[in-house]
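Here's a quick tour of a two-chain model, written for someone new to reading structures. Have the picture open and follow along.

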Amino acid sequence: MLDQLLAALNATERAAVDEEEYNILQAIVEELPAFPAEVSQLLPILQSIQKKHGYLPRLALNMVASHVRTTIAKVYGIATFYNQFRFNPPGRNPIKVCLGTACHVKGGEILLENFERRLEIKEGETSADREYSLERVACIGCCALAPAVVVGEKVEAYVTPSKVEGIITEIEVRKEMAAREQVKNDAANE
Amino acid sequence: MSDNLVTITVDEQKITAPAGAFLLPVCLENDIYIPHLCFLEGMDDPPASCRLCLVEIAGESGPVASCRYRVREGLEVKTNSDEILRLRQLAFRLLVSTNDGSCRTCIANHSCDLQKIAKYLHQPLKTKRLRHIDRDYPALIDNHPFLVYEPKKCVLCGRCVYVCGQLEKGYKLDFAQRGMDSIVSLFGSELDPASLECETCLACAGVCPVGAMSSKKKWRSFIAELGLN
């Protein structure tokens, strides 16, 4: 089934399916038969794919559609309706901008825009180097710290547009330090 | 049918109609024009989403959408009061505030329902009274082998989604996203062998009230013609 789908893609799209994605798709092919082939199972199936693999690859929607015997457009319509589904692999540093009521009032929307401009990606996307992904979330439960942003697991409180650069720099510095540490360790081991 | 005909009054005009029919098509058959975008003859459950077919009915607490109001004996309907006109104008302005309104280069120019309704409601196709929202979509989506879709012209009436859903292997297109980002999507159609059936159908393009969904063949020759002139 997978190879059939891949054959139907045009050359550039096929080239975009890297080994990692291919393996994920292969795994989904094996997982699908465990679910009843009913349209009512659509959401549980999509949720389970996302939970296991972090996102919904494009071709996975085709496979799910033919498994529950509905059209791709229908599956896509449902998957895009819910905010919880993402269509890009998550980055190593997922950035979640809170847009719950309190954060929204305190300018969360502006922060999201700032991150979008700084990272040159849009909300819901992942940067080309897979380092960052940007998401909007509805309330993370710390309204007293509004506006809040979650970077990885860490909550950044009272974020202002001027702090956006600092947050990214901090991640970059940590990455750089880890890389140097690695080089040093490698040298010591040799 | 003859024994359950009822008489209703629309704008002081007496009309006989089958009981239980929807009011909108009854009026249209009797040459009383009511603007509408989302309604299609034969719908069991009209979406009533365009809000252009609002009318006043004696005894109702507010204006009602005539496309899903059922006819019964003695109904008194007003389709042209000032209040109704204002509501329809507002609904129309909201619709065009996200529309791109480039009529001269549109395949539906002169056959467009939106143009017809604009004239009827005395409203410009580019409203100045509401902020224009340019929806973040490409001007053209042409992944389907036989269809082209122009999101910025789409009024999201849902006619195409409805007619496609009526077909045996329907819903090759469907709504995607939500809220302001809503769009009719032909996602995955380039990968779906079933898309080949669309060549002889094209029902979705046929019911589009504007120029958003069109046959790729027709669209190509239209664009070629534009280039010549």
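Before we start, one working rule: two residues are in contact if their C-beta atoms, placed from the backbone, lie within 7 Å. With that in hand, look at what covers the buried residues of helix 6 of chain A: the cover includes helix 4 (42–53) and helix 5 of chain A, along with strand 7 and strand 8 (183–185) of chain B. Keep in mind that this is a predicted model.

**Chain A at a glance**

- Chain A has 9 helices and 4 strands.
- Going along the sequence, the order in chain A is α-α-α-α-α-α-β-α-α-β-β-β-α.
- The C-alpha trace of chain A spans about 55 × 50 × 30 Å along its principal axes.
- Chain A has 190 residues, and 28% of them count as buried.
- Take the contacts in chain A between residues at least 6 apart in sequence: 62% of these join residues at least 24 apart.

**Helix 6 of chain A, the wrapped-up one**

- How many of the 10 residues of helix 6 of chain A are buried? It's 9 of the 10, so helix 6 of chain A is largely enclosed by the rest of the structure.
- The buried residues of helix 6 of chain A include A:Ile72, A:Val75, A:Tyr76 and A:Ala79. A:Lys74 and A:Thr80 are also among them.
- Helix 5 of chain A and helix 6 (residues 72–81) of chain A have axes that come within 8 Å and cross at roughly 120 degrees.
- That crossing of helix 5 of chain A with helix 6 of chain A is right-handed.
- On the helix 5 side of chain A, the contact uses A:Leu61, A:Asn62, A:Val64 and A:Ala65, while helix 6 of chain A brings A:Ile72, A:Val75, A:Tyr76 and A:Ala79.
- Sorted by class, the contact of helix 5 with helix 6 of chain A holds 7 nonpolar, 1 polar and no charged residues.

**Helix 5 of chain A meets helix 3 too**

- The axes of helix 3 (residues 19–31) of chain A and helix 5 (residues 58–67) of chain A come within 10 Å, crossing at roughly 15 degrees.
- Helix 3 and helix 5 of chain A are therefore roughly parallel to each other.
- The crossing of helix 3 and helix 5 of chain A is right-handed.
- Here A:Leu25, A:Ile28 and A:Val29 from helix 3 of chain A meet A:Leu59, A:Ala60 and A:Met63 from helix 5 of chain A.
- This contact of helix 3 with helix 5 of chain A has 6 nonpolar, no polar and no charged residues.

**Over to helices 8 and 9 of chain A**

- Helix 8 (residues 108–119) of chain A and helix 9 of chain A have axes that come within 9 Å and cross at roughly 45 degrees.
- That angle makes helix 8 of chain A oblique to helix 9 of chain A.
- Helix 8 of chain A passes helix 9 of chain A in a right-handed crossing.
- The contact of helix 8 with helix 9 of chain A divides into 6 nonpolar, 1 polar and 2 charged residues.
- Is A:Val164 buried or exposed? A:Val164 counts as buried because there are 23 C-beta neighbours inside 10 Å, and the cut-off for buried is 20 or more.
- Leaving out residues up to four places away in sequence, A:Val164 touches A:Leu111, A:Asn114, A:Phe115 and A:Arg118.
- A:Val164 and A:Leu61 lie 103 residues apart along the chain, and their C-alpha atoms are separated by 35 Å.

**Chain B and where the chains meet**

- The contact between the chains takes 14 residues from chain B and 13 residues from chain A.
- On the chain B side, the largest share, 3 residues, comes from strand 7 (residues 174–176) of chain B.
- The chain B residues that touch chain A divide into 7 nonpolar, 3 polar and 4 charged.
- Chain B itself is divided into domain 1 (2–80) and domain 2 (133–228).
- The centres of the two domains of chain B, over C-alpha atoms, are separated by 30 Å.
- In chain B, 7 residues of domain 1 are in contact with 7 residues of domain 2.

Conventions: Residues numbered from 1 in each chain as written. Chains lettered and ligands numbered in written order. Predicted model: local features only at pLDDT ≥ 70, side-chain atom pairs only at ≥ 80, totals over all residues. Axes fitted to C-alpha atoms, helices over the stretch in contact; angles between N-to-C directions. Helix = DSSP H or I, 4+ residues; strand = E, 2+ residues; numbered from the N terminus. Parallel < 35°, antiparallel > 145°, perpendicular 65-115°, else oblique. Left-handed = near helix turned anticlockwise from the far one by under 90°. Nonpolar A, V, L, I, M, F, W, Y, C, P; charged D, E, K, R; others polar. Buried ≥ 20, exposed ≤ 12 C-beta atoms within 10 Å, placed from the backbone. Domains from an automatic or database assignment.
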